[in-house]
Amino acid sequence: MEIKTVGVLGCGLMGSGIAQVCAAAGYKTIVREVDETFLNKGLGRIKKFLDEGVAKGKVTAGARDTTLGNMSGSTTFDALKDCDLVIEAIVENLEEKQQTYTALEKIVNDRTIFVSNTSSLCITELAATTTRPDRFGGLHFFNPVPLMKLVEVIRALTTSDETYQTVFAFAESLGKEPITAPDRPGFIVNRLLVPYLLDAIRAYENGLGALEDIDKGMTLGCGYPMGPFTLLDFVGLDTTYYIANIMFEEFREPAYAPPPLLKRMVLAGRLGRKSGRGFYKYEV
Ligand code: CAA
Ligand code: NAD
């Protein structure tokens, strides 16, 4: 199936990056947010990234303008009615995602493919909440989307061969390196990454060392681009908390249980970079 017009649900950390790479690859891209404030914040993030890319000599001014020209924002579902593919990147919550698909299915045509950028929810369960379980799959991008090459493509039990092939080819058309991942909690990457991040929090709570020393240990000692606390703040502590709960619910293994400190930080509004404070403090 040919994809020309792409809808993106959510213009947060991930939705903004996803909308950017779709528009940069030449797709007409429409991103939907819940209100003007979130929409303008997300569109502002895209423009800032592109402007910085121009300043760094990584993006031409022409490519920036073409990308921005291919993109539009809306707070309505109606704006997505002509989309061939809709990529959902809203909050990591089954009920919220389900409600969004129900609202969207009233608007789009029968051929439209839905994919979720969920980090940990069951793709088969998400597909089953729609009337298009064969035209539904997982397309899991990595943060920051414009810089990270990997995309995981996940088949629900119900995903048709045509949908899977279309979505895989679409990921390639964005200049990404797709891999096929199973419909298990955390797919491939988060299955390995999330227990490591949660373990770092538990170890810190148990007095392993200062945040800065643990981060420095993993960057300089193992060559990781970011230490675990820098990465946790980057991903978002709320999102990490939701992911941990979902994975723990499925696996029932202590390695996936959210550490008490993570829960308390989320309750205190310390969500990481996006809120100005997580394990570290940031300018917002
Ligand atoms: N536009 C275009 N290019 C840009 C850019 C911009 N605005 N900003 C930076 N770049 C380019 C740089 O020029 C540089 O290119 P070269 O390598 O060719 O020199 C490259 O991007 C890296 O940028 P920087 O040198 O400025 O930054 P860095 O070296 O510190 O790398 C990073 C930044 C890529 C984010 C790196 O720190 C990193 O890989 N961090 C780990 C991120 C990670 O693990 N993400 C996964 C999170 S988990 C997840 O996403 C899944 C989930 O479900 C939770
Ligand atoms: P975020 O909190 O930065 O953004 C979520 C956005 O969705 C918010 O701006 C919110 O207003 C919006 N939203 C909520 N309900 C909506 C609706 N019904 N319609 C449109 N917009 C709606 O979160 P994020 O980090 O971008 O995560 C989004 C999804 O991507 C989650 O499923 C998460 O698990 C997944 N993910 C996150 C990361 C990461 O590193 N943060 C990486 C890969 C995948």
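**Exercise 1.** State where Arg 252 is placed in this predicted model, and decide whether Arg 252 is buried or exposed.

*Solution.* Begin with the secondary structure: Arg 252 sits in the loop that runs between helix H10 (237-251) and helix H11 (260-267). Next, consider the backbone, where the phi of Arg 252 is near 55°, a positive value in a residue other than glycine. As background, most residues other than glycine have a negative phi, and most peptide bonds are trans. Finally, the relative accessibility of Arg 252 is 57%, and because the cut-off for exposed is over 50%, Arg 252 counts as exposed.

**Exercise 2.** Give the strand order of the open sheet of 8 strands, and explain which strands stand at its edges.

*Solution.* The order is S3-S2-S1-S4-S5-S6-S7-S8, and the pairing is mixed. Strand S3 (71-74) and S8 each have a single partner strand, so that one side of each is left without a neighbour in the sheet, and these two therefore stand at the edges. Neighbouring strands of this sheet are turned by 25° against each other on average, with direction ignored.

S1 and S4 are parallel and pair over 4 bridges, with Gly 7 opposite Val 86 in S4. S4 and S5 also run parallel and are joined by 4 bridges, and here Ile 87 faces Val 115 in S5. S7 and S8 run parallel as well, joined by 5 bridges, with Leu 150 opposite Glu 177 in S8.

**Exercise 3.** Determine how S4 is covered on its faces, and identify which residues touch the most other members of the largest nonpolar core.

*Solution.* On one side of S4 lie Leu 85 and Ile 87, on the other Val 86 and Glu 88, and as all of these are buried, both faces are covered. The largest nonpolar core has 32 residues, of which Val 6, Ile 18, Ile 87, Leu 139, Phe 141 and Phe 170 touch the most other members. The largest share of this core, 6 residues, is supplied by H1. Beyond its neighbours within four places in sequence, Phe 141 has contacts that include Met 14, Ile 18, Val 21, Ile 87 and Leu 150.

**Exercise 4.** Describe how H7 and H11 pack, and which residues meet there.

*Solution.* The axes of H7 and H11 are 8 Å apart and form an angle of about 95°, which makes H7 roughly perpendicular to H11. From H7, Leu 198, Ile 201, Tyr 204 and Glu 205 meet Pro 260, Leu 261 and Leu 262 of H11. Sorted by type, the residues of this contact are 6 nonpolar, no polar and 1 charged.

Technical notes
Residues are numbered from 1 along each chain as its sequence is written. Chains are lettered from A and ligands numbered from 1 in the order in which they are written. This is a predicted model: local features need pLDDT of at least 70, side-chain atom pairs count only at pLDDT 80 or more; totals for chains, interfaces and linings use all residues. Side-chain values use heavy atoms; hydrogens and water are left out. Buried means under 20% relative accessible area, exposed over 50%, partly exposed in between (1.4 Å probe, protein chains only). Two strands pair if DSSP finds at least two bridges between them. Axes are lines fitted to C-alpha atoms, for helices over the stretch in contact, and angles run from 0 to 180 degrees between N-to-C directions. Angles under 35 degrees count as roughly parallel, over 145 as roughly antiparallel, 65 to 115 as roughly perpendicular and the rest as oblique. Contact means heavy atoms within 4.5 Å. Ala, Val, Leu, Ile, Met, Phe, Trp, Tyr, Cys and Pro count as nonpolar, Asp, Glu, Lys and Arg as charged, and the others, Gly among them, as polar. A nonpolar core is a set of buried Ala, Val, Leu, Ile, Met, Phe, Trp, Tyr and Cys residues joined through side-chain atoms within 4.5 Å.
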